[in-house]
Amino acid sequence: SFKMASDSPESLMTLCTDYCLRNLEGTLCYLLDNETLRLHPDIFLPSEICDKLVNEYVELVKTDSIFEPHESFFTLFSDPRSTRLARIHLREHIVQDQDLEAIRKQDLIELYLTNCEKLTAKSLQTLVSFSHTLISLSLFGCCNIFYEEENPGGCEDDCLVNPTRQVLVKDFTFEGFSRLRFLNLGRLIEGVNVETLLRPLASLAALDLSGIQLNDVGFLTQWKDSLVSLVLYNMDLSEEHIQVIAQLRKLRHLDISRDHLSSYYKFKLTRRVLSLFVENLVNLTSLDISGHTMLENCTIPSMEEKMGQTSIEPAKSSIAPFRGLKRPLQFLGLFETSLCRLTHIPAYKVSGDKNEEQVLNAIEAYTEHRPEITSRAINLLFDIARIERCSQLLRALQLVITALKCHKDDKNIQVTGSAALFYLTNSEYRMEQSVKLRRQVIQVVLNGMESYQEVTVQRNCCLTLCNFSIPEELEFQYRRVNELLLNILNQSRQDESIQRIAVHLCNALVCQVDNDHKEAVGKMGFVMTMLKLIQKKLADKTCDQVMEFSWSALWNITDETPDNCEMFLNYSGMKLFLECLKEFPEKQELHRNMLGLLGNVAEVKELRPQLMTSQFISVFSNLLESKADGIEVSYNACGVLSHIMFDGPEVWGICEPHREEVVKRMWAAIQSWDINSRRNINYRSFEPILRLLPQGISPVSQHWATWALYNLVSVYPDKYCPLLIKEGGIPLLKDMIKMASARQETKEMAR
């Protein structure tokens, strides 16, 4: 009943449903007294639409952290004259007693309540209002639905200590549920008498009693002419159980599987039991015996096995009792049994742990109701994806995404699922994946990061994000992914490896994106977070990848973004810059990143006065002679000084060093650079360089700008010639050639 992740385009119906749910006020509803949602009076919706609205709403609340649930959502469906419901699937804490109560007038045909732990016995009474129409009902994992609150009478004090007590409801039965055919009571609370509860049901077709312990199941024979599906997962079986099952001759699906880790278990499956099923249950098309230990040998000795290709013909079966089948089974569950490794298994679909096909069948069959089994199956898939190559990639991805969505709060599934996703999304599989599927991966990865502060999940999720093109593929979740990464980096105790990956991702996210993105991320505290990381590394006297990536990220986020440059200065960025220079004089990459960032700060006219101190100007002047990273550090230091010089001699408010002396050193530096240098820098716009051309106040700044343009267009013509033309650089260069104040060598270069 859960929705499988899909790779085909969404239907128009789905898109409209999604839009309406995200914009209820603007579409179907209005707000009464600013709080209660009300349906517009002229709206009439059939069950095909209402069912989808309710089921999608549950899905959105469960899997989309940005989606806001509405207190009064279910009241929109309280009147069958305007909204009809027929088949609805509700899950977990999303649904409460008052929600079911709100829709009690509806003629429901199918109601699935899965793990709805907030429902109490009040909802049992509400179920009665659906009794005349209900055909299908699941109460799987609704562990409190048979409890009601009892107010003990008597002493006041006692009432304060224990105001309400949970009492088991003993008198509820399915009396009056005349059409009910399909019933799931999985994980029903102990103490409820199942036989009494079910006795009024005339003709049950399907019954699920997963996880319930019943010593006597003789009462099942009252439906021997109607029961086609029986699930007794994790029920402790005995010879008596087997004899009863063998009488249910109409059975097409029988599941007596178990979780072999759950508890000590006396019963062992024998050849005789399987033969009994094959002889008596002649309509059987699906059988699940996963997790069972076989007491005696059910297998055909390998000498007698028919050689040749693997066959699903019962006559060739490697499992002896199944040679009596009239035709192959549609499904055979053998997960965590020795039988799944045999050669000839008479079934079209087998769940097991032998190969990828069996493992995927297991994940598919057990995801919704058996996360404990699913997480082990996903772990096997993880090994297959890691060591071999997945041959059914699309199906594997869809199944893992679905399991992660379905069990957002199950730690084992989040750990194994996020690890499997890392291997399933890496580059060798890239070609086989659509945009839609890759977006679904990103969504579940971000859900995992949001729900789990646990190291393994966080690391797996961050590593998986590294398999995507950043920022392009993360653009649709830009704010959210940045918030989550900053959240990781702001935690007081940090895992080194996660810190490194998260800083790398942050850096990639602010590289080559629009300025409004950078401003938004700046407002989230990005600058402050990076400076804190740098501060920590300085204190430890370590210059590692985290240190270098943090400076690189600051360089990227300040590019043409004055607000972020200002934040850098306000949060003592310059102090950290000087300390890092002093502490790590040999670290070339670090120097380049720091100077690149200061180049961005120097481009902002309002901030330049803050750079105008003897200490800073001396540092920049000394870096002109740096040979770090080719010409990059020297080039960036010269760029910073060029912008400062451009403000004219009157702002030079310091005695040391003299302006003329610095200008001389700048000329010497520029003349020492190789004009054909390949570059470690990326310009999105030439605007900050071009503004240094039409001026006579600082010829050296003009020369630096011309050198920069000449170098970039001659070494990378395909990239930078169009940019120079587009931003109007040609007329500016032509005008400069005519200027008297420009130096001859500058004009030569411009020409």
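## Overall fold

The chain has 30 helices and 14 strands, where helices (H or I, at least four residues) and strands (E, at least two) are DSSP runs numbered from the N terminus. With a radius of gyration of 35 Å against the 27 Å that the globule rule gives for 751 residues, the chain is well over that mark, so it is more spread out than a compact globule. The radius is taken over C-alpha atoms, and the rule is 2.2 Å times the number of residues to the power 0.38. Along its principal axes, the C-alpha trace spans about 110 × 75 × 55 Å.

Bear in mind that this is a predicted model: local features need pLDDT of at least 70 and side-chain atom pairs count only at pLDDT 80 or more, while totals for chains, interfaces and linings use all residues. Residues are numbered from 1 along each chain as its sequence is written, and side-chain values use heavy atoms, with hydrogens and water left out.

## Surface and contacts

Of the 751 residues, 55% count as buried; buried means under 20% relative accessible area, exposed over 50%, and partly exposed in between (1.4 Å probe, protein chains only).

## The largest pocket

The largest pocket holds about 970 Å³ of space. On a 1 Å grid over the protein atoms alone, a pocket is an open set of points where a 1.4 Å probe fits, with protein on both sides within 12 Å along at least five of seven lines; lining residues have an atom within 4 Å of a point. Grid points are joined across faces, edges and corners, and the volume is the space filled by probe spheres set on them.

The lining of this pocket takes in 38 residues, with Asn184, Asp208, Val231, His369 and Arg370 nearest its centre. By type, the lining splits into 15 nonpolar, 14 polar and nine charged residues. Here Ala, Val, Leu, Ile, Met, Phe, Trp, Tyr, Cys and Pro count as nonpolar, Asp, Glu, Lys and Arg as charged, and the others, Gly among them, as polar. Helix H9 (residues 356-366) gives the most to the lining, with four residues.

Gln458 sits in helix H14 (residues 455-465) and is buried, at 4% relative accessible area. Setting aside residues up to four places away in sequence, Gln458 touches Met449, Tyr452, Gln453, Ile488 and Ile498.

Cys506 belongs to helix H16 (residues 496-509) and is buried too, at 0% relative accessibility. Beyond its neighbours within four places in sequence, Cys506 contacts Leu485, Leu486, Leu489, Phe526 and Met530.

Two cis peptide bonds are worth a look. Ile470 to Pro471 is cis, with omega near 5°, and Pro471 falls in the loop between H14 and helix H15 (478-489). Glu656 and Pro657 are also joined by a cis bond, with omega about -15°; Pro657 is in the loop between helix H24 (632-646) and helix H25 (659-672).

Then there are positive phi values in residues other than glycine. Arg187 has phi near 60°, lies in the loop between strand S8 (182-184) and helix H6 (194-198), and is partly exposed at 42% relative accessible area. Lys541 has phi near 55°, in the loop between helix H18 (526-539) and helix H19 (545-557), and counts as exposed at 54%.

Definitions and conventions: Contact means heavy atoms within 4.5 Å.
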